[in-house]
Amino acid sequence: MHNDDAIVLPVCDARTPKLGPAAILVSAENDLRALQGHLELPDMRRLYMSRIHYNACDPHAPVLAGPVMGAPYAAMLLEIMHAWGVRRALFVGW
């Protein structure tokens, strides 16, 4: 596949956050808020209809992302987060 054929082309530029290697991808807003309350992730970036919570000062801190609706949308977020540094992901949802 050529870049011209891609639906989502993750881009890294000067504004791209450096994310830690592990992410928690959450489907429901309530679960996202509950986990956010337990993790100390002071930085947030909006990405499409979701939010990515991370700690820019700690490259090993986990990343919390969501809410997500459906597998295609989750895969799109994972592709972008992979380009930004995430290597492993755990999905929380139903």
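Visitor: Which residues does Isoleucine 52 touch, not counting residues up to four places away in sequence?
Guide: The model is a predicted one, and contact here means heavy atoms within 4.5 Å. Leaving out residues up to four places away in sequence, the partners of Isoleucine 52 are Leu19, Asp43, Met44, Arg45, Leu47, Val63, Leu64, Ala65, Met81 and Trp84.

Visitor: Which element gives the most to the largest nonpolar core?
Guide: The largest nonpolar core has 16 residues, and those with the most contacts inside it are Leu19, Leu25, Ile52, Val63 and Met81. Strand E1 (22-26), strand E3 (50-54), strand E4 (63-66) and helix H2 (71-83) each supply at least two residues of this core. The element that gives the most, with 5 residues, is H2.

Visitor: How many residues are in the second, separate core?
Guide: This second core is separate, and its members include Ile24, Val26, Leu41 and Ala61. The number of residues in this second core is 6.

Visitor: Which pattern does the chain follow when read along the sequence?
Guide: The secondary structure of the chain comes to 2 helices and 5 strands. Taken in order along the sequence, these elements give the pattern β-α-β-β-β-α-β.

Visitor: What radius of gyration does the chain have?
Guide: For a chain with 94 residues, a compact globule would have a radius of gyration near 12 Å.

Visitor: What share of the residues in the chain is buried?
Guide: A residue counts as buried when its relative accessible area is under 20%. Among the 94 residues in the chain, the buried share is 35%.

Technical notes: Residues are numbered from 1 along each chain as its sequence is written. This is a predicted model: local features need pLDDT of at least 70, side-chain atom pairs count only at pLDDT 80 or more; totals for chains, interfaces and linings use all residues. Side-chain values use heavy atoms; hydrogens and water are left out. Helices (H or I, at least four residues) and strands (E, at least two) are DSSP runs, numbered from the N terminus. The radius of gyration is taken over C-alpha atoms; the globule rule is 2.2 Å times the number of residues to the power 0.38. Buried means under 20% relative accessible area, exposed over 50%, partly exposed in between (1.4 Å probe, protein chains only). A nonpolar core is a set of buried Ala, Val, Leu, Ile, Met, Phe, Trp, Tyr and Cys residues joined through side-chain atoms within 4.5 Å.
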